[in-house]
Amino acid sequence: MLITTPWLLQYLSSSVAHDALMEAFPRIGLEIEESHKLEGTEGYVADINVLANRPDMLGIIGIAREVAAHFDLKLKYPTFNEAVANAAGPSPLSVQIEAPDLCPRYVGRVMTGVKVARSPKWLQELLTSIGQRPISNVVDITNFVMLEWGQPLHAFDFANVRGKQIIVRRMRPDEKMELLGGKTIDAGKPGQPTLVIADATGPVALAGIMGGKDSETRDSSTEILVEAANFDAPTIRRTRKRIDVSTESSFRFERGVDPNRTLDGAMTRACSLIAELCGGKPVGGAVDAYPSRLEPKVYSLAPSRVSSNLGTDVDAPTIKRSLEKLEMQVTDDLKVTVPTWRIDATDVVVLTEDVARLVGYDNLSMRPTTQAPTPGRRSALDQLRFELSSYLSSVGYLESRTPSLDLPEQVDALQSAASSPQVKLVNPMSREHAVMRTSLLPSLVRVAEGNVRRGTKTVRAYEMDRVYHLPADKKTGAVERWMLGAVAGGMLNEYDWTGRNSAINFYDVKGSVEDVLDVVGARNARFEPTTRAGFTDDACAAIVVEGSTDPLGYVGELDRRAIPMDRIDFKLFGFELDLAALLRTHAGVARYKPLARMPAAPRDLAIVVKKDQPYQPIERTIREQAGPALEWVRLIDVYEGKQVPPGYKSLAFRMLFRAPDRTLTAEEVQTTVDQLVRTLADQFAATLRA
Amino acid sequence: MPGVQETTDRVRSTAAAAVAAIERAGTVEELESLRIKYLGRKGEITLLTRSLGEVAPADRPAVGAAVNDAKNAAQAALDARKTALDASAGPKRSATALDVTLPATRRPVGTRHPLSQVGEEIKSIFLGLGYAYDDYPEVETEFNNFDSLGMPAWHPARDMQDSFFTETGHVLRTHTTSFQMHAMRQFAPPPMRVFTIGRCYRRDEIDATHYPMFHQVDVIAIDRGISFCDLKWTLFQMLRALLGNDIDLRFRPSFFPFTTPSAEVDVFYRGRWMELLGSGMIHPDVFRKADLDPDVWQGFAFGMGIERIAMARHNIDDIRLLFENDEQFLRQF
């Protein structure tokens with residue numbers, strides 16, 4: 001709300017220096033968006049951001065009340081014209097509220113003998129200085145009084161009010177209405193009422209928002225109907241959103257206007273000015289339709305509660321004094337009657353805030369009170385994320401933060417028959433961000449592409465975040481699964497002079513996955529050949545742990561057809577792991593096993609198998625069949641070439657045998673190995689390499 | 001026959017001459033020739049031993065001792081000079097010596113994202129203060145994101161946050177404050193201290209300070225007497241840990257539908273006041289919505305943008321950099 005400081009000071013019992021005033025605004029919750037010198041004066045124009053819960057400050061009297069309270073001054077209300085204030089008797093106007101649920105109060109008053117002309121200079125200057133365009137004295141007065149009291153007003157040409165009657169009612173489905181400015185509106189959807197001000201023939205104004213085309217006063221008007229009314233905030237808000245119109249009037253009504261200042265405030269003030277500035281005379285008294293009066297709320301305040309809330313001792317006299325500055329009536333035992341303009345006072349705690357504001361937030365102490373302690377701890381998932389990011393960020397992966405919304409085609413490209421439905425936005429800002437992502441990999445590929453475009457030769461990037469699917473039961477908006485996604489490709493090292501550099505391959509990235517499993521302490525994970533959208537059929541493994549049929553993730557070469565990566569001229573690999581599944585494999589607290597102290601017997605074994613024989617079953621068979629004395633088995637060579645037949649490959653293993661309690665004899669070990677060779681021959685048609 | 005005195009004097013003067021010469025030697029070669037000159041088979045000191053035969057038998061022990069002293073003194077001088085000359089001569093390297101100045105063969109180190117770094121710091125502060133950390137849904141009900149927090153459908157406060165909606169009528173949380181309903185039930189009954197960090201979404205046009213997706217931290221503390229001064233103290237601890245000890249705070253009255261009293265907090269940091277976060281005492285209606293009795297429980301809540309802190313700390317002037325993931329950018333933190 002725009003104000004000028006000289007205008008504001010008119011309402012205070014004594015003046016306040018400019019700097020003090022500017023410092024006071026933030027302390028009473030009024031943020032100054034902008035301020036500049038008021039041309040030709042000592043004053044300033046300030047654009048004040050009034051808090052959404054304090055529509056009472058959408059009139060300068062409301063602001064002055066808080067400023068006066070802050071400086072311990074008195075608020076000076078404007079004076080009324082006595083002829084107007086005292087005028088009584090029948091009015092030519094009749095008012096009928098057919099929708100009392102949407103219009104708690106309607107006050108109308110007819111003024112006659114009005115000479116519509118330009119406003120006096122002071123009023124024109126004031127309105128101009130706060131960005132309003134002066135129109136005519138009557139319109140200017142209604143605007144000015146709204147800005148003074150926060151109560152919107154409307155001035156009708158009474159000659160155009162047919163039947164001299166005002167009916168406040170719901171707009172009828174068959175009705176249409178042309179507004180000032182030419183827009184035509186209808187009644188909207190049934191069940192969402194549109195409130196109108198009608199005369200004997202039809203709507204003349206859209207209640208609380210804007211007058212109808214023919215409603216306004218014109219230069220020839222001499223009889224004016226001034227309206228000051230009160231309307232239901234949600235209705236005004238809904239209607240003005242529906243017709244996409246916002247006015248100073250609707251802005252105030254949708255935040256809430258005090259029905260008890262309608263007559264003995266705004267209306268009398270406006271008619272006083274019409275009498276003084278336009279030569280108007282009251283025709284009888286005001287017509288006041290106010291079916292059920294809004295009574296002020298009375299709260300009982302306990303100093304102990306206020307003190308406990310603020311953590312600072314505040315005594316009853318301080319509370320009383322503070323609240324009285326805001327025109328509340330306060331008894332000695334702190335029964336507080338709150339004026340109805342305080343729309344925000346829906347709970348007694350609002351009074352605590354008022355006291356805090358007047359005591360000053362800076363004067364409340366900054367110290368911990370003694371309370372029962374609580375344990376500080378991360379969730380298990382967060383602990384896992386912490387450990388994984390510590391690991392990945394120390395072995396070359398760049399942690400990335402990417403948008404969680406994606407292009408529909410990209411999400412579709414990774415969709416399989418088994419996938420759950422996607423979570424789609426109804427109001428995305430762009431197609432690129434229209435669907436909640438179901439995989440972290442496309443965003444990470446974009447990170448890789450961006451960095452390759454900027455010249456990097458090595459890509460390692462990861463992100464830990466959620467992916468989203470619709471739940472089967474629709475009870476929540478989404479199943480949100482935390483994933484670890486990573487991509488890697490290019491050279492192992494960006495630059496390397498040793499000649500040992502090479503391209504990152506599938507096994508390097510699979511190694512990162514195994515490292516991750518080690519960091520977690522996951523046991524018995526298997527890599528099973530599989531196919532999956534997003535990965536090439538040539539290099540894709542599902543990571544499966546014992547006791548679960550669902551893979552906890554996938555690793556492989558990323559498929560350019562599913563995830564575009566035109567700028568990347570090397571193979572890009574990636575993996576994606578479900579963190580909750582990973583967490584379930586967590587080994588927990590380690591238990592000590594006695595160290596192996598007896599001498600160990602190493603044995604090497606080279607076998608020849610068909611080229612397409614997967615490795616993992618062979619290793620599993622060795623582990624299962626070599627007996628308890630096998631401490632470990634490792635693959636030390638894979639060979640295809642002259643020394644093995646075409647279509648075959650040779651696998652060389654090193655095994656270590658050890659018994660916990662004695663030295664194994666050479667014969668014992670040999671027997672085990674011989675038995676193993678026979679089993680491998682049976683199961684895999686393996687032969688010993690010559 | 002020469003007297004004892006005469007002989008020992010001769011021995012001593014020879015030794016003195018030898019030591020003096022050795023100490024003046026400038027090279028290892030010179031030192032070697034001095035060794036031969038004095039201690040060699042026909043060296044001057046060696047030959048003195050033979051002169052023992054020329055002294056009276058009774059005097060031989062005294063002369064012998066003098067000769068031994070002379071030998072020892074010369075040898076000690078030789079050793080010392082050798083050490084000194086060796087030390088000044090520099091290292092000896094073989095043909096396979098390495099050029100240790102060549103670049104290392106490193107396994108590259110990765111980085112954590114600056115937003116995560118700030119998040120981790122915030123976590124360490126609040127874990128230390130006895131707060132529990134957990135994650136909460138991003139795809140939320142309107143109830144948890146708005147209604148339970150004092151923003152019914154018609155409320156103007158909803159205008160402040162233009163939100164994304166999903167096809168099932170859920171909202172992408174516009175603030176992490178939506179965690180309150182979950183956390184208050186999860187940790188009931190109080191005392192509870194809980195915080196969360198996560199993504200939020202608002203339909204803001206992208207520019208240097210706005211991005212439709214951003215991160216917030218939200219914190220609640222609830223007990224019988226938790227007060228506004230606990231809130232002030234806690235914020236002060238957090239911001240000092242994040243921004244340094246020489247900050248200053250300013251609390252301004254403000255409005256959030258889910259707190260009363262509410263305060264906007266400004267921080268004086270690197271020479272200017274900066275609007276930083278919203279805070280306040282949890283509104284009784286929020287407690288009621290979470291089935292906590294507001295006549296018993298009191299607590300504070302605040303929420304803060306992670307991007308804002310990261311940008312202030314690191315002098316980042318464009319929020320888009322945080323989501324571009326340029327390696328050059330990420331490696332700076």
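These legends accompany several views of a predicted model.

**View 1. Chain B as a whole, with its secondary structure and its overall dimensions**. Chain B contains 12 helices and 9 strands. Its radius of gyration is 42 Å, well over the 20 Å that the globule rule gives for 333 residues, so chain B is more spread out than a compact globule.

**View 2. Burial, contacts and charge in chain B**. Of the 333 residues in chain B, 55% are buried, and the accessible surface of the chain comes to about 14600 Å², with 51% of that area belonging to carbon and sulfur atoms. Among the contacts between residues at least 6 apart in sequence, 66% join residues that are at least 24 apart. Chain B carries 38 positive and 45 negative side chains, and the centres of these two sets lie 10 Å apart.

**View 3. Helix 7 of chain B and the elements packed against its buried residues**. Within this helix, which covers residues 179-186, the residues Phe179(B), Gln180(B), Met181(B), Ala183(B) and Met184(B) are buried. These buried residues pack against helix 6 (142-145), helix 9 (284-289), strand 4 (192-201), strand 5 (213-223), strand 8 (272-282) and strand 9 (298-305) of chain B.

View 4. The side chain of Ser249(A) reaches the backbone oxygen of Gly208(A) at 2.7 Å. Leaving aside residues up to four places away in sequence, Ser249(A) touches Gly208(A), Ile209(A), Met146(A) and Pro152(A).

How values were computed:
Residues numbered from 1 in each chain as written. Chains lettered and ligands numbered in written order. Predicted model: local features only at pLDDT ≥ 70, side-chain atom pairs only at ≥ 80, totals over all residues. Heavy atoms only, no water. Buried < 20%, exposed > 50% of the residue type's maximum accessible area, 1.4 Å probe, protein only. Helix = DSSP H or I, 4+ residues; strand = E, 2+ residues; numbered from the N terminus. Contact = heavy atoms within 4.5 Å. Rg over C-alpha atoms; globule rule 2.2 N^0.38 Å. Areas by Shrake-Rupley, 256 points an atom, 1.4 Å probe, with all protein chains shown as cover. Lys, Arg positive; Asp, Glu negative; His and termini not counted. Charge placed at Lys NZ, Arg CZ, Asp CG, Glu CD. Polar contact = N/O pair within 3.5 Å; in protein donor to acceptor, adjacent residues only side chain to side chain.
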